[in-house]
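Biologist: Please pick one part of this model and take me through it closely, together with the parts that go with it. Plain terms will do, with the cut-offs stated.

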Amino acid sequence: MAYEEHYQQSLSSKYECILFDLDDTLYPYSSGLSLEVAKNIQGKAGGYDFDYDDFHGFVHGRLPYDLLKPDPVLRNLLRNVPQRKLIFTNADQAHASRVLKMLGLEDCFDGIICFETLNDTKQPSDSAGDSSTDIEMNTDSGNAPVDDLTLPSTPIVCKPFDKAFEAVFKMADIIPQKTLFFDDSFRNLQTGSRMGLHTVLVGTSQRIEGAHHALESIHNIPEAFPELIADS
Ligand SMILES: [Mg+2]
């Protein structure tokens with residue numbers, strides 16, 4: 001019987017890796033935090049002439065993070081999912097670290113792919129050996145002071161663009177066909193799906209084109225994907 005169970009389990013383990021968006025995916029839109037992000041962006045991004053660190057610092061630095069509460073249910077759930085788990089967010093590292101800390105999930109992921117991971121925001125004078133393709137794992141704020149930073153000539157690499165997904169697949173050694181991708185954004189899911197990921201819309205149970213599954217809440221993972229949860 002044990003052998004059969006094991007055999008069934010290996011058959012159903014079609015996912016090797018899980019990518020999670022952060023905002024409005026690991027916590028609900030109803031927390032109110034995203035609304036504050038939107039307000040801050042409207043207040044700042046009217047002009048194009050900003051540097052990235054300053055922009056992220058402005059948008060995220062003054063958010064009411066205490067709107068987010070620890071989520072022990074999600075924590076327990078994630079810790080029972082044996083697959084490699086990565087955050088894939090357009091936000092900066094400081095924001096991602098802060099959100100994960102507020103949710104009590106800072107040790108639930110194998111890595112964080114964030115704005116700085118996908119975009120070389122460093123000055124040419126910074127250490128040449130510093131690779132922009134490392135997945136951010138440390139919790140340092142990364143807010144190095146910069147003088148006179150000008151906008152890099154390369155376009156920003158972020159979701160929902162193909163280039164961001166391609167970069168993530170490469171740097172994290174991901175086989176999209178063996179990866180589940182949770183996100184609340186329709187456009188992100190559409191790209192993800194087109195690029196071979198198994199996609200899960202989070203925030204509503206109404207499935208949309210481009211999403212293979214739809215979950216009202218990230219807490220619904222055990223019902224939707226019982227094969228992901230390890231026997232405890
Ligand atoms: Mg999101």
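Modeller: Two strands count as paired if DSSP finds at least two bridges between them. Helices (H or I, at least four residues) and strands (E, at least two) are DSSP runs, numbered from the N terminus. This is a predicted model: local features need pLDDT of at least 70, side-chain atom pairs count only at pLDDT 80 or more, and totals for chains, interfaces and linings use all residues. Residue numbers start from 1 along each chain as its sequence is written.

The part I have picked is strand β4, residues 179-183. Five of its five residues are buried, where buried means 20 or more other C-beta atoms within 10 Å of the residue's own, exposed 12 or fewer, and partly exposed in between, with C-beta atoms placed from the backbone. The cover is on both faces of β4: Thr 179, Phe 181 and Asp 183 lie on one side, and Leu 180 and Phe 182 on the other.

β4 has paired strands to describe. With β1, residues 17-20, β4 runs parallel and is joined by four bridges. Two residue pairs can be picked out here: Leu 19 stands opposite Phe 181 of β4, and Phe 20 stands opposite Phe 182. Strand β5, residues 198-202, also pairs with β4 in the parallel sense, over four bridges. In that pairing, the bridge partner of Phe 181 is Thr 199 in β5.

From β4, the path to β5 goes by way of helix α8, residues 186-194, and together they make a right-handed β-α-β unit. Right-handed means that, with the strands pointing away from the viewer, the path from the first strand over the helix to the second runs clockwise.

In the loop between β1 and α2 (33-44) sits Asp 24, which has a positive phi near 65° without being a glycine. Asp 24 counts as partly exposed because it has 19 C-beta neighbours inside 10 Å. In the loop between α7 and β4 is Asp 173, where phi is also positive, about 55°, again in a residue that is not glycine. With 9 other C-beta atoms within 10 Å, Asp 173 is exposed.

As background, the protein has nine helices and six strands, and buried residues make up 29% of its 232 residues. The average pLDDT (the predictor's confidence in each residue, from 0 to 100) is 82, and 73% of the residues score at least 70. Residues 125-133 have a pLDDT below 50, and beyond near neighbours in sequence this stretch has three contacts in the model, a contact being two C-beta atoms, placed from the backbone, within 7 Å.
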